[in-house]
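Colleague: Hi! Could you walk me through this one in plain words?
Modeller: Happy to, let's look at it together.

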Amino acid sequence: MSHSTVPRSSAEASTPVKTAAASGDAAGPREKRVTGRLSLRQRFRRDRVLILMTLPAILLLLVFNYLPILGNIVAFQDYDPYISDNGIVSILHSPFVGLENFQRMFEDSAFWNAVENTLVLFFVQLLLFFPIPVLLALLINSVVRPRVRAVAQAVLYLPHFFSWVLVIAVFQQMFGGAGMLSQLLRQNGHDGLNIMTNPDTFPFLLTAQSVWKDAGWGIIVFLAALASVSPDLYEAAAMDGAGRWRRMWHITLPALRPVIALLLVLRVGDALTVGFEQILLQRDGVGPGAGEVLDTFVWWNGVRNQDFGYAAAAGLVKGVVSIGLVLAANKVAHLMGEQGVYQK
Amino acid sequence: MTAVIDKPAGTPRRWAAPPRPTWEEEPSRAGLAAKGIALSFACLAILFPLWIVVVTSLSSRRTINEAGGLVLVPKDVTFIAYQELLSGGQVTRAALVSIFVTLFGTLFSMTVSVLCAYGLSRSGTLGHRWILMTLLATMFFSAGLIPTYLLVQSLGLTDSYLALILPSAISVFNILVLRGFFMGISQELIDSARIDGAGDIRILLRIVMPLSRAVLAVITLFYAVGYWSAWFNASLYLNQQDMMPLQNVMIQLVQRQEAPVGLGQAIKTGQLSGLAVQMAVMVMALLPVAVLSPFVQRHFKKGMLTGAVKG
């Protein structure tokens, strides 16, 4: 975070002293060493426009990200939505029940089912989704013709911009009860097949959807890592007699290793969040037995059953565990010498 | 794609491979073929379903009945499904709602984000670190669905389009990408403008934004796609059927197989195929995205990486 680690430009890094701006007030060059000489009031006068510019965004975050944190208090209440039309008024008048909601939750088999589904999905996705962008990136990177590359990339990126509603609709038309696959099977004298509502294969269906939607998009970061590899390394290796595969093994893959490691760590930190929209849209089709994850558990109990205190308790537990995981993941990323989500 | 890779000499230059470094081996025919097949497969897996959706939406009821469902090869193309959907009624209204929310939402999000990103891009500013921390912290936690839901209701945003825009108006990630890009603009340029008497607003509008067209295009697309694809907030906060955006109507038509209001009769009496109607709604949802994203595509990498999160 310190200024010296992130020079805005190479020129600035080498010539830190600038001519003072002549905008009438005390505006000096915005360099750390110089700001030290200005008083707080002078600095505020100088920077007031910039501070004002950040205000709308800060306000939005305060209202819609920070303020609701206080609302988690309903997790400790027997929240009654019918006290008032206004949720805040209801919170103020609902009785506190301590940890009753949490106790009920830990005894609820539906909750543990959701936990199990969440973890199963996370591992299936990690195993079957994660390697695909790396392989695709290697494939695209080996294509040398610029036009072929551009066309392939445009096609591969495309589904990332589709909504989950559309992606699932497309899958339904292909693999649903009335879809292309069933149609083909029936025309050849077999029974139709509805993969979309089969609870046993649900994690694989979800992973296939994620792959279709986002595997192409995932290659961007790997392509960038590959583009930054110096061609000299390849040339030197070739001079030393390394063949195509040896160069891939000893130069290309090591170049990807830090990115792969970082993404893995961050993904693990996000383990409890597995495709809320995607799963919610298909929850009714497969039933909660296979289709309930922690996020949909909160949605079902809160929004649908109006059991707000209970749902908020589940959401709070998930949120707290998630923060712990993310912070731990970032710590690991830093220990590996990577930047993580934030920089120290 | 295979054909393109293996094309004989004499193809247009822009498809040609750049010269190969002398130390690199000539690719083997088998290797090229394997690569071509893998790439074609990946692209076909994406394009084939879209092709079917588009073709079926353009098919008459007779063609669809003959094919026994989805249509692979276009035959007597008709726009009847689109005509019906766009001649007023539920889907037309939903499409207009989506367009409206996307336009205003994107404009709002971009204004707030660009201002914030520029405000934070000049380091050494008073309070700069605190403001940045306020932003960054939200990347680690979310308040949770239920408290957010109660808050939006308490603010009286239920059954208002503001509920589709305000709660998810800004993405901190997007702001950081913009900020990273703005920080890359040389300080000399900005200082010289300041000497010429330009204030921060003028510098932003006249110097920083014109120099950041690539990243602005990328972030605008991100926001626009976000608004266009959103359905969850509408399902939470809107109760009135005729306020629903396109994605929510698509859920009803395609997932729950309900006939659109006003068209049920036309489908039952056989003038129109229900399947074609479903497909036409899907095409309406994917078309803007499919048309726009390739134009912005060449900036993705640049935009994403120069903006890589830097405190």
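Colleague: How many cavities of 30 Å³ or more does a search of the whole structure find?
Modeller: The search finds four. A cavity is a set of points, on a 1 Å grid over the protein atoms alone, where a 1.4 Å probe fits but cannot get out, while a pocket is an open set with protein on both sides within 12 Å along at least five of seven lines; lining residues have an atom within 4 Å of a point.

Colleague: Before we go on, what kind of model is it?
Modeller: This is a predicted model, where local features need pLDDT of at least 70, side-chain atom pairs count only at pLDDT 80 or more, and totals for chains, interfaces and linings use all residues. Residues are numbered from 1 along each chain as its sequence is written, chains are lettered from A and ligands numbered from 1 in the order in which they are written, and side-chain values use heavy atoms, leaving out hydrogens and water.

Colleague: Thanks! What volume does the largest cavity have?
Modeller: About 80 Å³. A volume here is the space filled by probe spheres set on the points, with grid points joined across faces, edges and corners.

Colleague: And which helix gives the most to its lining?
Modeller: That is helix 5 of chain B, with three residues. Helix 12 (213-229) and helix 13 (232-237) of chain B each supply at least two. Among the lining residues are B:Ser98, B:Tyr227 and B:Asn233. Helices are DSSP runs (H or I, at least four residues), strands are too (E, at least two), and they are numbered from the N terminus.

Colleague: What about the second largest pocket, how many residues line it?
Modeller: It is lined by 35 residues, and A:Asn141, A:Ser142, A:Val144, B:Glu24 and B:Lys35 lie nearest its centre. Elements giving two or more residues to that lining include helix 7 (131-142) of chain A and helix 2 (29-57) of chain B. The volume of this pocket is about 1500 Å³.

Colleague: New topic: how many salt bridges are there over all chains?
Modeller: Ten, from a search of the whole structure. A salt bridge means a side-chain nitrogen of Lys or Arg within 4 Å of a carboxyl oxygen of Asp or Glu.

Colleague: Why would such side chains pair up?
Modeller: Side chains of opposite charge can pair when their charged atoms come close.

Colleague: Can you pick one? What does A:Lys318 pair with?
Modeller: A:Lys318 meets A:Asp295, at 3.0 Å from N to O. A:Lys318 lies in helix 17 (residues 308-335) and A:Asp295 in helix 16 (residues 294-304) of chain A, so the pair ties together parts that are 23 residues apart in sequence.

Colleague: Are those two buried or exposed?
Modeller: Both A:Lys318 and A:Asp295 are buried. Buried means under 20% relative accessible area, exposed over 50%, and partly exposed in between (1.4 Å probe, protein chains only).

Colleague: And B:Lys75, which residue does it meet?
Modeller: B:Lys75 forms a salt bridge with B:Glu66, 2.8 Å from N to O. B:Lys75 is partly exposed, with a relative accessible area of 43%.

Colleague: Last one: where does UniProt place the feature "domain: ABC transmembrane type-1"?
Modeller: The record, an unreviewed entry, puts it at residues 115-329 of chain A. UniProt positions are given in the numbering used here, feature names are shortened, and annotations may be inferred rather than shown by experiment. In the model, that span is 78% helix and 0% strand, and its end C-alpha atoms lie 20 Å apart.
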